[in-house]
Amino acid sequence: MSLKLYTKKRKFKETPEPRGKILKRKNKSLVFVVQKHQASHLHYDLRLEKDGVMKSWAVPKGPSMDPSVKRLAMQVEDHPISYNTFEGIIPEGNYGAGVVKIWDKGIYAPLDPRGFHTGELKFVMYGKKLKGGFALVRIKPKEGTDDKRHWLLIKERDEYAKKNTKKEKTKSKR
Ligand code: MN
């Protein structure tokens, strides 16, 4: 776990984003946040607490509650836990310039935290929008490459699953 890349990418004299540090919390529920990030391309940043940082994925189309929908999730640099409350405008000329808003937040529970390493992570979310089981599944790197950043975010079939309605489809395009 490291925030080196997070720190390196940002100019804290210019961006209102928190500097943050690794914060191991004992006997606390693990938290998650999803931030809607209107950068050069709109995406949703899914962040899951693990070992004092927020493991982070950029999901271009946002999470879906429909188990038949697989959403590309690009793993990005670990963020500090203090990023979870961040909303604001990252000024032009800075990494990720644009508007950040909290889209959902809550606690989550991984079924087996080794999934972060094995590339098959199942977890339960207790958010306002995101509820029930989800899986993050790493896509095998292309032959001859070592790019492990590509994952798929998939809703598990449970009582919270929904068929993707037209309404949700239009929403995710915005
Ligand atoms: Mn982002």
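1. Basis. In this predicted model, local features need pLDDT of at least 70 and side-chain atom pairs count only at pLDDT 80 or more, while totals for chains, interfaces and linings use all residues. Residues are numbered from 1 along each chain as its sequence is written, and side-chain values use heavy atoms, with hydrogens and water left out.

2. Manganese site. H37 (ND1), H43 (NE2) and D45 (OD) are the protein donors of the manganese ion, at 2.2 to 2.3 Å. Donors are N, O and S atoms within 2.8 Å of the metal (3.2 Å for Na, K and Ca); water is not among the atoms, so sites may look incomplete. Along the chain the donors are spaced H-x5-H-x1-D. H37 and H43 are both buried (under 20% relative accessible area, 1.4 Å probe, protein chains only).

3. Nonpolar core. A nonpolar core is a set of buried Ala, Val, Leu, Ile, Met, Phe, Trp, Tyr and Cys residues joined through side-chain atoms within 4.5 Å. The largest has 20 residues, of which L46, L48, F123, M125, L136 and L153 touch the most other members. β2 gives the most to this core, 4 residues; strands are DSSP runs (E, at least two residues) numbered from the N terminus.

Note on methods. Buried < 20%, exposed > 50% of the residue type's maximum accessible area, 1.4 Å probe, protein only.
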